[in-house]
Amino acid sequence: MNISIFDNEKLAAAALARRIAVRLKDQPRIVLGLPTGRTPVPLYRELVALHKRGEADFSRAHTFNLDEFVGVPPGQPGSYRRFMQEQLFACVNIDPSHIHFLNGMADDLDAECDRYEQEIHRAGGIDLQVLGIGTNGHIGFNEPARELIARTHRVQLLEPSRKSNASLFGGDMDRVPREALSMGMATILQAREVVLMATGKSKARCVNGVVNGGITTRVPASFLQLHPRVELLLDTPAASSLSS
Ligand code: PGA
């Protein structure tokens, strides 16, 4: 695992945004895997700024987001689709037909998960997967459990994950969905390259577990140790528990 530590989250985001801009130039049809959450907000802000300066052309790129809530329409506040629209898609020149998303409103959610896997396959697989990490070590919505699921699947959300998403629903826990669809661990690990961003002190403990702990389903991100091309982009607080 390569680890890069930055003084603050803005510098970490700027470094990754510049790298993505270079990749967009070198490989215009790149397939990006993208996360939602608070962590990537500065990344998307930097990408939009680069795009406005003519330095990030998304016109031929494809994106696949990691996850989506079940039962929240894509245009509605709270949906990850809407989050992505506001943070990135509406602000850059991505072709809407190149935006791939799980549909949490599908009648048959299992079939929807299969469709997503096939779509990733048809796009040639994910070239660069960007990840955030939950304080409990989850990636996407692959929550700590006795067993993890390989492919895109339905998930019952754990309370910490529901709580950390409550702000998307006006802080009203009753409105936070109890179920989501998520790429599975194998879907994520099959990306050619993975960059995990973690910022803030609240991530320090799980980041240390991911880097120095054993590979365990109790810390799903620890499976990234098995991937040949993983980079951790950290700010100083998130790196503060790393034993050297
Ligand atoms: P956060 O969420 O960026 O809002 O901390 C990350 C995650 O839960 O994957």
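This is a predicted model: local features need pLDDT of at least 70, side-chain atom pairs count only at pLDDT 80 or more; totals for chains, interfaces and linings use all residues.
Strand S3 (residues 62-65) and strand S5 pair in the parallel sense, with two bridges between them. Within this pairing, Thr-63 stands opposite Ile-99 in S5.

Asp-235 is found in strand S10, which spans residues 230-235. Asp-235 counts as buried because its relative accessible area is 6%, and the cut-off for that label is under 20%. Asp-235 and Phe-6 are 229 residues apart in sequence, yet their C-alpha atoms are 4.7 Å apart in space.

Asp-127 is placed in the loop between helix H4 (109-122) and strand S6 (128-131). With a relative accessible area of 9%, Asp-127 is likewise buried. Its side chain takes part in two contacts with other parts of the chain: the side chain of Asp-127 reaches the backbone nitrogen of Val-31 at 2.8 Å, and it also makes a polar contact with the side chain of Arg-192, at 2.7 Å.

Attention now turns to strand S8 and its partners. Strand S8 covers residues 179-182; Glu-179 and Leu-181 point one way from the strand, while Ala-180 and Ser-182 point the other way, and all four are buried. On one hand, S8 pairs with strand S4 (residues 67-69) in the antiparallel sense over three bridges. On the other, S8 is joined to strand S7 (residues 153-156) by four bridges, and these two strands also run antiparallel.

Ser-182 and Gly-71 are separated by 111 residues in sequence and by 14 Å in space, taken from C-alpha to C-alpha.

The space that the ligand takes is the largest pocket. Around the ligand are Gly-37, Arg-38, Thr-39, Gly-132, Ile-133, Gly-134, His-138 and Lys-203. Three of these residues bring N or O atoms to oxygen atoms of the ligand. For Arg-38 the atom belongs to the backbone, and it lies 2.8 Å from a ligand oxygen. For His-138 an N or O atom of the side chain is 2.6 Å from an oxygen atom of the ligand. Lys-203 likewise contributes a side-chain N or O atom, at 2.6 Å from an oxygen atom of the ligand. Taken alone, the ligand exposes 280 Å², and the protein buries 84% of that area.

Notes. Residues are numbered from 1 along each chain as its sequence is written. Side-chain values use heavy atoms; hydrogens and water are left out. Buried means under 20% relative accessible area, exposed over 50%, partly exposed in between (1.4 Å probe, protein chains only). Two strands pair if DSSP finds at least two bridges between them. A residue is near a molecule or strand if one of its heavy atoms lies within 4 Å of it. A polar contact is a pair of N or O atoms within 3.5 Å; within protein, one must be able to donate a hydrogen and the other to accept it, and residues adjacent in sequence count only if both atoms are side-chain atoms. Accessible areas come from the Shrake-Rupley method with a 1.4 Å probe; for residues, only the protein chains shown count as cover. On a 1 Å grid over the protein atoms alone, a cavity is a set of points where a 1.4 Å probe fits but cannot get out, and a pocket is an open set with protein on both sides within 12 Å along at least five of seven lines; lining residues have an atom within 4 Å of a point. A molecule sits in a cavity or pocket if more than half of its atoms lie within 2 Å of its grid points.
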